[in-house]
Amino acid sequence: RPHTQGDAQFLEDESTKIFARKVADHYSARSNQTLEEREASPIIHLKKLNNWIKSVLIQLYTRRGDAVLDLACGKGGDLIKWDKAKIGYYVGIDIAEGSIKDCRTRYNGDADHHQRRKKFSFPARLLCGDCYEIRLDKVLADDAPFDICSCQFALHYSWSTEARARRALANVSALLRPGGIFIGTMPDANVIIKKLRQAEGLAFGNSVYWIRFDEEFSDKKFKSSSPFGIKYTFHLEDAVDCPEWIVPFQVFQKLAEEYDFELVFAKNSHEFVHEYMKKPEFVELMRRLGALGDGNQDQSTLSADEWEAAYLYMSFVLRKRGQPDKT
Ligand code: SAM
(Lines give C-alpha, C1' and ligand atoms only; values in the text may rest on other atoms or scores of the structure.)
Protein backbone atom coordinates (compact mmCIF):
# COMPACT_ATOMS: atom_id res chain seq x y z
CA ARG A 1 0.00 0.00 0.00
CA PRO A 2 1.52 3.35 -0.96
CA HIS A 3 2.15 5.74 1.88
CA THR A 4 -0.24 8.60 2.17
CA GLN A 5 0.74 11.91 3.76
CA GLY A 6 -0.92 10.77 6.97
CA ASP A 7 1.09 7.55 7.15
CA ALA A 8 4.33 9.41 6.64
CA GLN A 9 3.44 11.83 9.42
CA PHE A 10 2.51 8.93 11.68
CA LEU A 11 5.82 7.17 11.00
CA GLU A 12 7.76 10.34 11.63
CA ASP A 13 5.94 10.93 14.93
CA GLU A 14 6.58 7.34 15.99
CA SER A 15 10.29 7.38 15.19
CA THR A 16 10.66 10.79 16.88
CA LYS A 17 9.10 9.34 20.03
CA ILE A 18 11.35 6.29 19.87
CA PHE A 19 14.46 8.46 19.60
CA ALA A 20 13.34 10.75 22.45
CA ARG A 21 12.88 7.60 24.56
CA LYS A 22 16.34 6.34 23.57
CA VAL A 23 17.87 9.60 24.73
CA ALA A 24 15.85 9.54 27.97
CA ASP A 25 16.76 5.91 28.70
CA HIS A 26 20.42 6.56 28.02
CA TYR A 27 20.59 9.41 30.54
CA SER A 28 18.26 7.69 33.02
CA ALA A 29 20.55 4.68 33.17
CA ARG A 30 23.66 6.71 33.99
CA SER A 31 24.11 6.33 37.72
CA ASN A 32 25.68 8.91 39.99
CA GLN A 33 29.44 8.57 40.18
CA THR A 34 31.40 8.68 43.41
CA LEU A 35 33.97 11.43 43.73
CA GLU A 36 36.74 8.86 43.16
CA GLU A 37 35.09 7.52 39.98
CA ARG A 38 34.64 11.06 38.73
CA GLU A 39 38.28 11.98 39.29
CA ALA A 40 39.38 8.81 37.45
CA SER A 41 37.30 9.64 34.37
CA PRO A 42 39.28 9.92 31.11
CA ILE A 43 37.45 13.19 30.46
CA ILE A 44 37.65 14.67 33.95
CA HIS A 45 39.35 17.84 32.71
CA LEU A 46 36.85 18.26 29.88
CA LYS A 47 34.03 17.93 32.44
CA LYS A 48 35.71 20.56 34.61
CA LEU A 49 36.19 22.84 31.62
CA ASN A 50 32.51 22.49 30.71
CA ASN A 51 31.58 23.29 34.31
CA TRP A 52 33.74 26.39 34.11
CA ILE A 53 32.00 27.48 30.88
CA LYS A 54 28.57 27.01 32.48
CA SER A 55 29.69 28.87 35.63
CA VAL A 56 30.97 31.80 33.55
CA LEU A 57 27.68 32.01 31.63
CA ILE A 58 25.69 31.88 34.87
CA GLN A 59 27.86 34.50 36.59
CA LEU A 60 27.71 36.82 33.59
CA TYR A 61 23.95 36.79 33.17
CA THR A 62 22.34 36.03 36.53
CA ARG A 63 21.28 38.63 39.06
CA ARG A 64 20.55 38.09 42.71
CA GLY A 65 16.95 36.91 43.22
CA ASP A 66 16.43 35.74 39.63
CA ALA A 67 13.85 33.07 38.79
CA VAL A 68 15.62 30.35 36.78
CA LEU A 69 14.29 27.76 34.35
CA ASP A 70 16.81 24.94 33.79
CA LEU A 71 15.68 22.96 30.71
CA ALA A 72 17.12 19.45 30.60
CA CYS A 73 18.66 20.01 34.04
CA GLY A 74 19.90 16.43 34.29
CA LYS A 75 21.07 15.38 37.77
CA GLY A 76 21.21 18.99 38.91
CA GLY A 77 24.93 19.43 38.32
CA ASP A 78 24.41 23.19 38.08
CA LEU A 79 22.46 23.63 41.36
CA ILE A 80 25.57 24.82 43.22
CA LYS A 81 26.41 27.27 40.44
CA TRP A 82 22.92 28.79 40.72
CA ASP A 83 23.22 28.89 44.51
CA LYS A 84 26.46 30.84 44.22
CA ALA A 85 24.64 33.30 41.95
CA LYS A 86 22.09 33.77 44.79
CA ILE A 87 19.02 33.08 42.67
CA GLY A 88 15.55 33.37 44.15
CA TYR A 89 13.73 30.44 42.53
CA TYR A 90 14.61 27.41 40.41
CA VAL A 91 12.58 25.14 38.15
CA GLY A 92 14.39 22.15 36.64
CA ILE A 93 12.92 19.80 34.04
CA ASP A 94 14.39 16.72 32.44
CA ILE A 95 13.01 13.86 30.37
CA ALA A 96 15.07 11.22 32.21
CA GLU A 97 13.27 9.94 35.32
CA GLY A 98 16.52 8.63 36.83
CA SER A 99 18.23 12.01 36.43
CA ILE A 100 15.37 13.96 38.03
CA LYS A 101 15.43 11.50 40.92
CA ASP A 102 19.16 12.16 41.40
CA CYS A 103 18.50 15.88 41.08
CA ARG A 104 15.87 15.71 43.85
CA THR A 105 18.28 13.80 46.07
CA ARG A 106 20.98 16.37 45.44
CA TYR A 107 18.64 19.28 46.13
CA ASN A 108 17.28 17.72 49.32
CA GLY A 109 20.77 16.90 50.58
CA ASP A 110 21.77 13.27 50.57
CA ALA A 111 23.97 12.25 53.49
CA ASP A 112 25.80 9.67 51.34
CA HIS A 113 26.49 12.09 48.56
CA HIS A 114 29.88 13.74 48.41
CA GLN A 115 28.35 17.19 48.61
CA ARG A 116 27.69 17.25 52.30
CA ARG A 117 26.72 20.86 52.30
CA LYS A 118 24.21 23.27 53.64
CA LYS A 119 20.77 23.29 52.06
CA PHE A 120 20.27 25.35 48.95
CA SER A 121 19.03 28.81 49.73
CA PHE A 122 16.36 28.92 47.00
CA PRO A 123 13.05 27.04 46.66
CA ALA A 124 12.93 24.64 43.72
CA ARG A 125 10.46 22.69 41.65
CA LEU A 126 11.76 19.62 39.81
CA LEU A 127 9.74 17.96 37.06
CA CYS A 128 10.11 15.06 34.67
CA GLY A 129 8.95 15.74 31.13
CA ASP A 130 9.83 16.21 27.48
CA CYS A 131 10.68 19.93 27.16
CA TYR A 132 10.49 19.73 23.38
CA GLU A 133 7.03 18.18 23.25
CA ILE A 134 4.88 19.55 26.04
CA ARG A 135 3.44 23.05 26.37
CA LEU A 136 5.53 24.27 29.28
CA ASP A 137 3.70 27.59 29.34
CA LYS A 138 0.66 25.65 30.57
CA VAL A 139 2.53 23.43 33.02
CA LEU A 140 4.50 26.35 34.47
CA ALA A 141 1.85 29.08 34.22
CA ASP A 142 2.08 29.76 37.97
CA ASP A 143 5.90 29.80 38.02
CA ALA A 144 6.43 32.23 35.12
CA PRO A 145 7.81 34.64 34.17
CA PHE A 146 11.44 33.59 34.50
CA ASP A 147 14.40 35.98 34.35
CA ILE A 148 16.77 33.47 32.87
CA CYS A 149 16.52 30.11 31.10
CA SER A 150 19.47 27.75 30.74
CA CYS A 151 19.67 24.72 28.47
CA GLN A 152 23.10 23.11 28.83
CA PHE A 153 24.31 20.38 26.49
CA ALA A 154 20.76 19.46 25.52
CA LEU A 155 19.11 21.81 23.02
CA HIS A 156 20.36 19.71 20.08
CA TYR A 157 18.00 16.92 21.18
CA SER A 158 15.17 19.16 20.03
CA TRP A 159 16.39 19.30 16.41
CA SER A 160 15.04 15.87 15.43
CA THR A 161 12.04 17.62 13.83
CA GLU A 162 11.02 21.17 13.07
CA ALA A 163 8.00 20.83 15.38
CA ARG A 164 10.24 19.96 18.34
CA ALA A 165 12.80 22.67 17.60
CA ARG A 166 9.94 25.17 17.46
CA ARG A 167 8.34 23.84 20.63
CA ALA A 168 11.65 24.27 22.47
CA LEU A 169 11.95 27.92 21.43
CA ALA A 170 8.23 28.63 21.90
CA ASN A 171 8.40 27.23 25.45
CA VAL A 172 11.39 29.34 26.42
CA SER A 173 9.99 32.46 24.78
CA ALA A 174 6.59 32.11 26.45
CA LEU A 175 8.13 31.66 29.89
CA LEU A 176 10.80 34.39 29.88
CA ARG A 177 9.99 37.96 30.84
CA PRO A 178 10.67 40.70 28.27
CA GLY A 179 14.43 41.30 28.31
CA GLY A 180 14.96 37.83 29.86
CA ILE A 181 18.06 35.82 28.98
CA PHE A 182 18.39 32.39 27.37
CA ILE A 183 21.85 30.77 27.77
CA GLY A 184 23.00 27.44 26.42
CA THR A 185 25.81 25.21 25.26
CA MET A 186 25.38 22.74 22.39
CA PRO A 187 27.38 21.03 19.65
CA ASP A 188 28.94 23.42 17.12
CA ALA A 189 27.49 22.33 13.76
CA ASN A 190 30.21 24.17 11.80
CA VAL A 191 32.97 22.21 13.51
CA ILE A 192 31.16 18.88 13.21
CA ILE A 193 30.37 19.33 9.51
CA LYS A 194 33.93 20.50 8.80
CA LYS A 195 35.32 17.40 10.52
CA LEU A 196 32.87 15.16 8.65
CA ARG A 197 34.02 16.59 5.32
CA GLN A 198 37.66 16.02 6.27
CA ALA A 199 36.93 12.42 7.33
CA GLU A 200 37.31 9.53 4.92
CA GLY A 201 33.98 7.92 5.66
CA LEU A 202 30.99 8.96 7.73
CA ALA A 203 32.78 8.67 11.08
CA PHE A 204 35.54 10.51 12.87
CA GLY A 205 36.84 11.01 16.39
CA ASN A 206 39.72 10.36 18.76
CA SER A 207 40.39 8.44 21.97
CA VAL A 208 37.63 10.22 23.93
CA TYR A 209 34.83 10.63 21.37
CA TRP A 210 33.50 9.52 18.03
CA ILE A 211 30.72 10.76 15.78
CA ARG A 212 29.08 8.70 13.05
CA PHE A 213 26.58 10.03 10.53
CA ASP A 214 23.78 7.96 9.00
CA GLU A 215 24.24 6.56 5.48
CA GLU A 216 21.58 8.91 4.15
CA PHE A 217 24.04 11.78 4.58
CA SER A 218 26.80 10.10 2.59
CA ASP A 219 27.01 13.00 0.12
CA LYS A 220 28.08 15.21 3.10
CA LYS A 221 26.57 18.23 1.38
CA PHE A 222 23.22 18.54 3.16
CA LYS A 223 22.08 20.88 0.38
CA SER A 224 18.88 19.00 -0.32
CA SER A 225 18.23 17.99 3.25
CA SER A 226 16.00 19.79 5.68
CA PRO A 227 17.97 21.56 8.45
CA PHE A 228 16.05 19.41 10.93
CA GLY A 229 16.57 15.70 11.55
CA ILE A 230 20.25 15.56 10.52
CA LYS A 231 21.06 12.68 12.83
CA TYR A 232 24.40 11.30 13.99
CA THR A 233 25.47 9.01 16.78
CA PHE A 234 27.66 10.60 19.42
CA HIS A 235 29.91 8.70 21.75
CA LEU A 236 31.80 10.54 24.48
CA GLU A 237 33.88 8.28 26.69
CA ASP A 238 32.34 7.94 30.15
CA ALA A 239 29.48 10.33 29.34
CA VAL A 240 27.32 10.00 26.23
CA ASP A 241 26.17 7.35 23.75
CA CYS A 242 23.21 8.79 21.99
CA PRO A 243 21.46 9.78 18.80
CA GLU A 244 21.91 13.54 18.35
CA TRP A 245 20.95 16.12 15.74
CA ILE A 246 22.86 18.89 13.99
CA VAL A 247 21.74 22.43 14.84
CA PRO A 248 22.84 24.67 11.95
CA PHE A 249 23.45 27.87 13.87
CA GLN A 250 22.23 30.35 11.23
CA VAL A 251 18.94 28.48 10.96
CA PHE A 252 18.70 28.34 14.74
CA GLN A 253 19.29 32.08 15.03
CA LYS A 254 16.64 32.85 12.38
CA LEU A 255 14.13 30.56 14.07
CA ALA A 256 14.90 32.11 17.45
CA GLU A 257 14.18 35.55 15.96
CA GLU A 258 10.70 34.30 15.06
CA TYR A 259 10.22 33.67 18.77
CA ASP A 260 11.37 37.17 19.74
CA PHE A 261 14.98 36.41 20.59
CA GLU A 262 17.95 38.50 19.58
CA LEU A 263 21.47 37.12 19.59
CA VAL A 264 23.80 38.51 22.24
CA PHE A 265 26.69 36.23 21.31
CA ALA A 266 27.64 32.76 20.13
CA LYS A 267 31.14 31.37 20.65
CA ASN A 268 32.89 28.08 20.13
CA SER A 269 34.31 26.70 23.42
CA HIS A 270 37.92 27.33 22.34
CA GLU A 271 37.13 30.99 21.64
CA PHE A 272 35.13 31.16 24.88
CA VAL A 273 38.14 29.95 26.88
CA HIS A 274 40.50 32.41 25.22
CA GLU A 275 38.13 35.31 25.75
CA TYR A 276 37.14 34.74 29.36
CA MET A 277 40.56 33.60 30.55
CA LYS A 278 41.54 37.24 30.04
CA LYS A 279 39.47 38.09 33.12
CA PRO A 280 41.19 37.48 36.48
CA GLU A 281 37.99 36.40 38.26
CA PHE A 282 37.40 33.65 35.72
CA VAL A 283 41.07 32.57 35.77
CA GLU A 284 40.66 32.17 39.52
CA LEU A 285 37.45 30.17 38.97
CA MET A 286 39.28 27.93 36.51
CA ARG A 287 42.02 27.36 39.08
CA ARG A 288 39.47 26.48 41.76
CA LEU A 289 37.71 24.02 39.46
CA GLY A 290 41.06 22.50 38.51
CA ALA A 291 40.30 22.42 34.80
CA LEU A 292 43.44 24.09 33.52
CA GLY A 293 45.91 23.36 36.29
CA ASP A 294 47.14 26.50 37.96
CA GLY A 295 45.24 28.84 35.73
CA ASN A 296 47.55 28.50 32.76
CA GLN A 297 46.08 30.30 29.81
CA ASP A 298 46.28 27.19 27.67
CA GLN A 299 44.78 23.75 27.64
CA SER A 300 47.78 22.10 29.30
CA THR A 301 45.79 20.07 31.84
CA LEU A 302 43.36 18.70 29.27
CA SER A 303 44.74 15.97 27.06
CA ALA A 304 44.99 16.98 23.39
CA ASP A 305 42.04 14.67 22.68
CA GLU A 306 39.91 16.29 25.39
CA TRP A 307 40.77 19.75 24.03
CA GLU A 308 39.69 18.59 20.56
CA ALA A 309 36.41 17.29 22.04
CA ALA A 310 35.88 20.70 23.71
CA TYR A 311 36.08 22.23 20.21
CA LEU A 312 32.87 20.34 19.29
CA TYR A 313 30.80 22.70 21.45
CA MET A 314 29.64 26.28 21.40
CA SER A 315 27.77 28.54 23.82
CA PHE A 316 25.10 31.06 22.99
CA VAL A 317 23.28 33.89 24.74
CA LEU A 318 19.93 35.15 23.46
CA ARG A 319 17.81 37.97 24.83
CA LYS A 320 14.02 38.05 24.68
CA ARG A 321 12.90 41.30 23.11
CA GLY A 322 11.20 43.97 25.14
CA GLN A 323 11.87 46.01 28.23
CA PRO A 324 11.51 44.51 31.68
CA ASP A 325 8.66 45.95 33.76
CA LYS A 326 9.81 48.71 36.05
CA THR A 327 9.24 47.65 39.64
N1 SAM B 1 22.01 20.21 31.58
C2 SAM B 1 22.65 19.16 32.37
C3 SAM B 1 24.10 19.49 32.60
O4 SAM B 1 24.64 20.39 31.94
O5 SAM B 1 24.71 18.85 33.46
C6 SAM B 1 22.50 17.80 31.69
C7 SAM B 1 23.17 17.67 30.34
S8 SAM B 1 23.06 16.02 29.63
C9 SAM B 1 24.42 16.03 28.54
C10 SAM B 1 21.67 16.17 28.55
C11 SAM B 1 20.35 16.12 29.27
O12 SAM B 1 19.29 16.43 28.35
C13 SAM B 1 20.02 14.77 29.87
O14 SAM B 1 19.79 14.90 31.25
C15 SAM B 1 18.77 14.35 29.11
O16 SAM B 1 17.89 13.54 29.85
C17 SAM B 1 18.17 15.70 28.77
N18 SAM B 1 17.18 15.69 27.67
C19 SAM B 1 17.33 15.18 26.43
N20 SAM B 1 16.19 15.32 25.72
C21 SAM B 1 15.31 15.97 26.53
C22 SAM B 1 13.96 16.40 26.37
N23 SAM B 1 13.31 16.16 25.23
N24 SAM B 1 13.35 17.03 27.40
C25 SAM B 1 14.02 17.23 28.56
N26 SAM B 1 15.28 16.82 28.78
C27 SAM B 1 15.93 16.21 27.77
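Phenylalanine 153 counts as buried because it has 20 C-beta neighbours inside 10 Å; a residue is buried if 20 or more other C-beta atoms, placed from the backbone, lie within 10 Å of its own, exposed if 12 or fewer, and partly exposed in between. This is a predicted model, in which local features need pLDDT of at least 70 and side-chain atom pairs count only at pLDDT 80 or more, while totals for chains, interfaces and linings use all residues. Residues are numbered from 1 along each chain as its sequence is written.

Phenylalanine 153 lies in the loop between E4 and helix H7 (162-175). Helices (H or I, at least four residues) and strands (E, at least two) are DSSP runs, numbered from the N terminus. The backbone of phenylalanine 153 has a positive phi of about 60°, although the residue is not a glycine. Most residues other than glycine have a negative phi, and most peptide bonds are trans. Lysine 220, in the loop between E7 and E8, also has a positive phi, near 60°. With 12 C-beta neighbours inside 10 Å, lysine 220 counts as exposed. A cis peptide bond, with omega about 0°, joins alanine 144 and proline 145. Proline 145 is in the loop between helix H6 (136-139) and E4.

The strands can be taken sheet by sheet. An open sheet of 7 strands has the order E3-E2-E1-E4-E5-E11-E10, and its pairing is mixed; two strands pair if DSSP finds at least two bridges between them. At the edges are strand E3 (124-128) and E10, each pairing on one side only. On average, neighbouring strands of this sheet are turned by 15° against each other, direction ignored; the axes behind such angles are lines fitted to C-alpha atoms, for helices over the stretch in contact, and angles run from 0 to 180 degrees between N-to-C directions. H3 packs on the sheet and touches strand E4 (146-152), E5 and E11, its direction making about 165° with that of E5. Residues are in contact if their C-beta atoms, placed from the backbone, lie within 7 Å.

Strand E11 (residues 313-320) has 6 of its 8 residues buried, so it is largely enclosed by the rest of the structure. Strand E5 (residues 176-187) runs antiparallel to E11 and is joined to it by 7 bridges, with proline 187 partnered by tyrosine 313 in E11. Strand E10 (residues 261-268) is likewise antiparallel to E11, joined by 7 bridges. Phenylalanine 261 has lysine 320 in E11 as its bridge partner, and glutamate 262 stands opposite arginine 319 in E11. Across E10 and E11 lies helix H10 (residues 269-276), running at about 90° to E10.

Another open sheet has 4 strands in the order E6-E7-E8-E9, with antiparallel pairing. Strand E6 (203-205) and strand E9 (240-245) stand at its edges with a single partner strand each, so one side of each is left without a neighbour in the sheet. The twist from one strand to the next averages 20°. Strand E7 (residues 209-213) and strand E8 (residues 231-236) pair over 5 bridges in the antiparallel sense, and tryptophan 210 stands opposite histidine 235 in E8. E8 and E9 pair over 6 bridges, also antiparallel, and histidine 235 has aspartate 241 in E9 as its bridge partner. The hairpin of E8 and E9 has 3 residues between the strands, and aspartate 238 in this hairpin takes a positive phi near 60°.

Leaving aside neighbours within four places in sequence, phenylalanine 146 is in contact with Ala67, Val68, Leu69, Leu175, Leu176, Arg177 and Gly180.

The last topic is the ligand. Of the 20 residues around the ligand, Tyr27, Ala72, Gly74, Gln152 and Ala154 come nearest; a residue is near a molecule if its C-beta atom, placed from the backbone, lies within 6 Å of it. Helix H1 (5-29) and strand E2 (89-94) are the elements that give two or more residues to this shell, and H1 gives the most, with 4 residues. The shell divides into 14 nonpolar, 4 polar and 2 charged residues; Ala, Val, Leu, Ile, Met, Phe, Trp, Tyr, Cys and Pro count as nonpolar, Asp, Glu, Lys and Arg as charged, and the others, Gly among them, as polar.

Conventions. Two residues are in contact if their C-beta atoms, placed from the backbone, lie within 7 Å.
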